[in-house]
Amino acid sequence: MPEKTEKQIVYERVKDMPPLAVSLYTMDYNKTGSWRNIRPVINYDKCISCMICWKYCPDVAIYLEKFEKDGKEKYKPIIDYEYCKGCGICWTECPVEGAIYTEEEAG
Amino acid sequence: MKKVMIGNYALSYGAKLSRAQVIGAYPITPQTEVVELLSEMCASGELDAKFIKVESEHSAMAACIGASATGARTFTATSSQGLALMHEVLHWAVGARTPVVMGNINRALGPPWTIWTEQTDSLAQRDTGWMQVYAQNNQEVIDSVIQAYKVAEAVQLPAMVVLAAFVLSHTSETVDIPEQEKVDEFLPSYDPEYKIDPDNPHAFGGLTGPDGYFELRYQIQKAMEDALAKWEEIGREFGDLFGRHYGLVETYKVEDARELIISSATLASTARGVVDELREKGKKVGLLRIRVFRPFPAETVRSLLSAVDKAIVVDRNISFGASGIFYQEVKATMYNEKNKPPIFGVIAGLGGRDVTVKDIMNIYEDVMKQDEPKSDIIWKGVKI
């Protein structure tokens, strides 16, 4: 297998490459967060841990953190801003008014 | 076993004998029987394949690409507008290096609505990176599907087996069905080096920047160049096993020929009759049938054409604003040659208008009266 650096897989010559784009670049390298100009922010005071935003995020840029509340296991959604492209789908789908709000951001 | 069958069924039997595992299909006239028969084969258990009904040709190809990426052998068939709708994913099949095999029934494009034969649908896909083989009879259809899988899997490029609407698709001919055991020996199961495997996950087709994309395109071109030898080698191997030899081209009475008629598919069959009639009159005419159009057999074309005084390319297709497409390819191939004959380009039979022996005879006689072509298109049979 080719050398794998922290950021991308490096091929010196065609003969070392696979014939198709198979794991040519990893998502360690493609940090798509730089595309974002609308930044979604979760207000945890209002968040009901329904996980809808996590399910709808088309880029798997929301992950869940387990916590306990009133003796019950709950999940807290956390937006990974290194990958969030700012599509706004989490904000649109969130069923609680104000639990996710957006801020403008320089791209 | 010999059986009388239409060209469409020859495609289905070709896919069945090749043990296609996933078939993604959407019906379109005149292709419908191809997938109808395959769906019956899947339903009866005669063919152990997953038949995926989809909502469009675009999805049919997408299903084949996805399945092929897991290492499955895949098949689909389409025609005309259906092939045009697939255009985007045709490129994807090539870039993903998935050896999908597809039948395409050459049908003219609308509007006006039409169902009759013309080659412009498949030739409009020439730059996608799909290999294309043009069959002249139903025997060649079934044989070409089996060979197409072997070549496609060897070079990791998809391949299209092309046949004329109605002239082959709905015409019954005797076809010698290859024995399954021998086909299995000729075409072992497909096991690609890179495939979607949950136990060994990889990202396929991910974003690739300018520092990687160029090399991937270079590799596609190299694979096409390798495919030239593969079609010859595999065509010979097929012949040794089944008694019918195939190559990139078929030549007929070219050894001492001074003039060459160049054509493809069923038009070339008609031209063969013309060659016979002219030979009886003492004319030294030969026929070059271009069977594999992509990769283009440039070396063969050069060596044959540099030995003759005149060449006539008969096209049942057109690139509007230019000329016949086989004509363009042949002419471009000859440009840097020292010895090259004048090359005449004829367009005939668009939209399925019949092209007879008499028509091609007239074309030959007209061309013999001219030293040089006056334009890039000689229109045959159009009511100007």
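Visitor: Which residue is the bridge partner of B:Ala348 in β15(B)?
Guide: In this predicted model, B:Ala348 has B:Lys380 as its bridge partner in β15(B).

Visitor: What makes β14 and β15 of chain B paired strands?
Guide: Pairing requires at least two bridges between two strands, and β14 (residues 343-348) is joined to β15(B) by three bridges; the two therefore count as paired, and they run parallel.

Visitor: In what order do the strands of that open sheet lie?
Guide: The six strands follow the order β9-β11-β10-β13-β14-β15 in chain B, and their pairing is mixed. From one strand to the next, the twist averages 20 degrees.

Visitor: Why are β9 and β15 of chain B said to stand at the edges?
Guide: Each of them, β9 (249-252) and β15 (378-380), has a single partner strand, so one side of each is left without a neighbour in the sheet.

Visitor: Which helices lie across strands of this sheet?
Guide: One of them is α10 (residues 265-280) of chain B, which lies across β9, β10, β11 and β13 and runs at about 170 degrees to β11(B). Another is α13 (residues 357-368) of chain B, which lies across β10, β13, β14 and β15 and runs at about 145 degrees to β13(B).

Visitor: What makes strand β5 of chain B largely enclosed by the rest of the structure?
Guide: A residue is called buried if 20 or more other C-beta atoms lie within 10 Å of its own, and six of the six residues of β5 (residues 101-106) are buried, so this strand is largely enclosed by the rest of the structure. In a regular strand the side chains alternate between the two faces of the sheet. In β5(B), B:Val101, B:Gly103 and B:Ile105 point one way, while B:Met102, B:Asn104 and B:Asn106 point the other way, and all of these are buried.

Visitor: How do you know that β5(B) pairs with strands β4 and β7 of chain B?
Guide: With at least two bridges needed for a pair, β4 (residues 74-79) qualifies through five bridges to β5(B), and β7 (residues 159-164) qualifies through six. The pairing with β4 is parallel, and the pairing with β7 is parallel as well. To give one residue from each, B:Ser79 stands opposite B:Ile105 in β5(B), and B:Val101 has B:Ala159 in β7(B) as its bridge partner.

Visitor: Why is helix α1 of chain B also described as largely enclosed?
Guide: The count for α1 (residues 7-17) is 11 buried residues out of 11, so the helix is largely enclosed by the rest of the structure. The buried residues include B:Tyr9, B:Leu11 and B:Tyr13, and B:Lys16 is among them too. After α1(B) comes B:Arg19, whose phi is positive, near 60 degrees.

Visitor: Why is B:Ala67 called buried?
Guide: The cut-off is 20 or more other C-beta atoms within 10 Å, and B:Ala67 has 24 of them within that distance, so B:Ala67 counts as buried. This residue is found in helix α3 (residues 57-69) of chain B. Leaving aside neighbours within four places in sequence, B:Ala67 is in contact with B:Val22, B:Ala72 and B:Thr74. B:Val100 lies 33 residues away from B:Ala67 in sequence, with 9.2 Å between their C-alpha atoms.

Visitor: How do you know that the radius of gyration of chain B agrees with that of a compact globule?
Guide: For 384 residues, a compact globule would have a radius of gyration near 21 Å, and chain B has 21 Å, so the two agree. Of the 384 residues of chain B, 51% count as buried.

Visitor: How is chain B divided into domains, and what makes up the contact between them?
Guide: Chain B is divided into domain 1 (2-242) and domain 2 (249-380), and the C-alpha centres of these domains lie 28 Å apart. The contact takes 26 residues from domain 1 and 19 residues from domain 2. On the domain 1 side, α6 (120-123), β6 (131-134) and α9 (210-242) of chain B each give two or more residues, and α9(B) gives the most, with five. By class, that side of domain 1 has 16 nonpolar, seven polar and three charged residues.

Visitor: What does chain B bring to its contact with chain A?
Guide: From chain B, 16 residues are in contact with 12 residues of chain A. The chain B side divides into seven nonpolar, seven polar and two charged residues.

Terms used:
Residues numbered from 1 in each chain as written. Chains lettered and ligands numbered in written order. Predicted model: local features only at pLDDT ≥ 70, side-chain atom pairs only at ≥ 80, totals over all residues. Helix = DSSP H or I, 4+ residues; strand = E, 2+ residues; numbered from the N terminus. Axes fitted to C-alpha atoms, helices over the stretch in contact; angles between N-to-C directions. Contact = placed C-beta atoms within 7 Å. Rg over C-alpha atoms; globule rule 2.2 N^0.38 Å. Buried ≥ 20, exposed ≤ 12 C-beta atoms within 10 Å, placed from the backbone. Nonpolar A, V, L, I, M, F, W, Y, C, P; charged D, E, K, R; others polar. Domains from an automatic or database assignment.
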